[in-house]
Amino acid sequence: MRLIFSLIFLFLSTLALHAEEVGTPLKADQMRENLKEINRFLEDSNNIWMKKYANFRAYRNIVAEIESVKERLSLFQKRSKTLANQNEVATLERRLETLEKQRELMQEYKDNPFKELIQPLERGEVASVTNPILIIQAFSHIRQSKQELETLERNFESLKKVVESLKTKEALLYELVVLEGIEEEVMEYKETQNALGELESTQNIFSTTLGLYRKKVEEQTQRLTEQIKAQAVKAVYIGVAVLLLFVLALLMKMGIKKYIHDNERIYTANKIINFANLTLIIFILLFAYLENVTYLVTVLGFASAGLAIAMKDLFMSVLGWIVIVIGGAVHVGDRIRVTKDGSTYIGDVLDISILRITMHEGITLTTYMENRRAGRIIFIPNNYIFTTMFANYTHSGMKTVWDGIDFTITFESNHRKMVQIALDITKKYAKGYTEITRKQLNRLRDRYSLRNTNVEPRAFTMLEPNGIRISIWYQTNAYAALTLRSTISGEIVDALLAEPDIEIAYPTTTVRAPKEPLPSSDGAIPPVHL
């Protein structure tokens, strides 16, 4: 019975051994197919981890080859200097030079070839959100940090896949080496072990780095989000305060328009309201967003002396604006005359800001005789009120100015008659402005000491080398003096030409022939001495 059982066991063992020998090639072929699939994944052009590792391995191979070449070169240099040895030394030196250059090019793979894949970018610590402008910076930092974290997480996932593939490859190669022991597969198995060791070590470091960075991003995001919410609420309160100031300023302007009917006073009041409103808004913003107001006061105290010198014109312009607004020397709508560096500008004031007066140049006698240009916008710094001659043609409600027309008649003309004709024409056209001026001057008596208030047209007669000059003066509109001047001039010329005993004088030269000498008693003509 025992013999029968022994024979059966021997038969089954032989059958199992034969089956294992038959199945071994099939198993090895399947493992090699699996290895091909794994190698396709590992050698893919998009597999950055294996690319980095390949460069790292190439750098180490270059370093090892450099050491080998140096040893060989040292041996050949110690030998006798035959032609063959010298050729071999030259070849090794060229090879060593090439390898040194290759090592310099691949220097970044010396220690940590995966540094740029496992470490986040150094962005620095984001500042606390203390004003609305920094909210945009905070949102940008949060977005960039999250994008960086997503990139690192994708890199970590791809590294895990590479490590799992290398582990599978290592297991397959181990089985093939045990089954067949092919030398190429043994070398591939060792190289896979080396790669797996490097990448597993990198995975462990990467896992720690990623965890720390994830916590840092979460903490920064939470902190910045809370600060953004606080600044948003603060901005809402400040916005409401600024809105209330605007509404209050608008109501005050409406009240001014309702109870004040002088346009100039309305404009000045509006300017003051705007300035006060802007000042309050600036103070609100300063105290809301300036962390240390005492520090600002200290800095301004130290900088005030330097600012007073460096920005003298600016401060003088602000002071000039205060003088203009309070003193009332110039108002919007006034016609003024400014002289600077030999140039004269006459025009209407469009605006008076904190730093300058804006004037629209008009067509006047000055533009006709000097500038030959008009319609320009002239900007006059307010500090000119202290250093430059200002002439206001329409100060304190005055709308008229004196204007004069000069013309010359000959000595033989009836100058008294011409003076009367000119006065009659001037009174005819300037009558309305004469009455307006008289009323305006009567109102100015309360503010100024006015002695001579005669506003009737005047005529002056002056002797000139080439005739009698008649100067006619009259009241005219300060904004349209040239127009009335042209009208009166035309009428005077027409009247002058109609009078036979009046002639216009102009530079002339009279040539008189010398008198003929009388004959002497003996009939001889005396000599003429030249």
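**Exercise 1.** Is Phe-275 buried, partly exposed or exposed?

*Solution.* The structure is a predicted model. Step 1: buried means under 20% relative accessible area and exposed means over 50%, with partly exposed in between. Step 2: the relative accessibility of Phe-275 is 36%, so this residue counts as partly exposed.

**Exercise 2.** Describe the aromatic pair of Trp-49 and Phe-114, and state which parts of the chain the pair ties together.

*Solution.* Step 1: the count of aromatic pairs comes to 6. Step 2: in one of them, Trp-49 and Phe-114 are 5.6 Å apart, centre to centre, and their planes make an angle of 40 degrees, a tilted arrangement. Step 3: Trp-49 belongs to helix H2 (residues 48-78) and Phe-114 to the loop between helix H3 (83-105) and helix H4 (115-118), so parts 65 residues apart in sequence are tied together. Step 4: Trp-49 is buried, with a relative accessible area of 1%, and Phe-114 is buried, with a value of 1%.

**Exercise 3.** Carry out the analysis for Phe-275 and Trp-321.

*Solution.* Step 1: this aromatic pair is tilted, with 5.0 Å centre to centre and 50 degrees between the planes. Step 2: Phe-275 lies in helix H7 (residues 263-289) and Trp-321 in helix H9, so the pair joins parts 46 residues apart in sequence. Step 3: Trp-321, at 7% relative accessibility, counts as buried.

**Exercise 4.** Which helix gives the most to the nonpolar patch?

*Solution.* Step 1: the patch, of about 510 Å², is made by Met-316, Leu-319, Ile-322, Val-323, Ile-326 and Phe-386. Step 2: helix H9 (residues 312-327) gives the most, with 5 residues. Step 3: Ile-326, found in helix H9, counts as exposed at 69% relative accessibility.

Conventions:
Residues are numbered from 1 along each chain as its sequence is written. This is a predicted model: local features need pLDDT of at least 70, side-chain atom pairs count only at pLDDT 80 or more; totals for chains, interfaces and linings use all residues. Side-chain values use heavy atoms; hydrogens and water are left out. Patches are made of residues with over 30% relative accessible area and no salt bridge: like charges are joined within 9 Å, nonpolar side chains (Val, Leu, Ile, Met, Phe, Trp, Tyr) within 5 Å. Accessible areas come from the Shrake-Rupley method with a 1.4 Å probe; for residues, only the protein chains shown count as cover. A salt bridge is a side-chain nitrogen of Lys or Arg within 4 Å of a carboxyl oxygen of Asp or Glu. Helices (H or I, at least four residues) and strands (E, at least two) are DSSP runs, numbered from the N terminus. Buried means under 20% relative accessible area, exposed over 50%, partly exposed in between (1.4 Å probe, protein chains only). Rings of Phe, Tyr and Trp (its six-membered ring) pair if their centres lie within 6.5 Å; planes under 30 degrees apart count as stacked, over 60 as edge-to-face and the rest as tilted.
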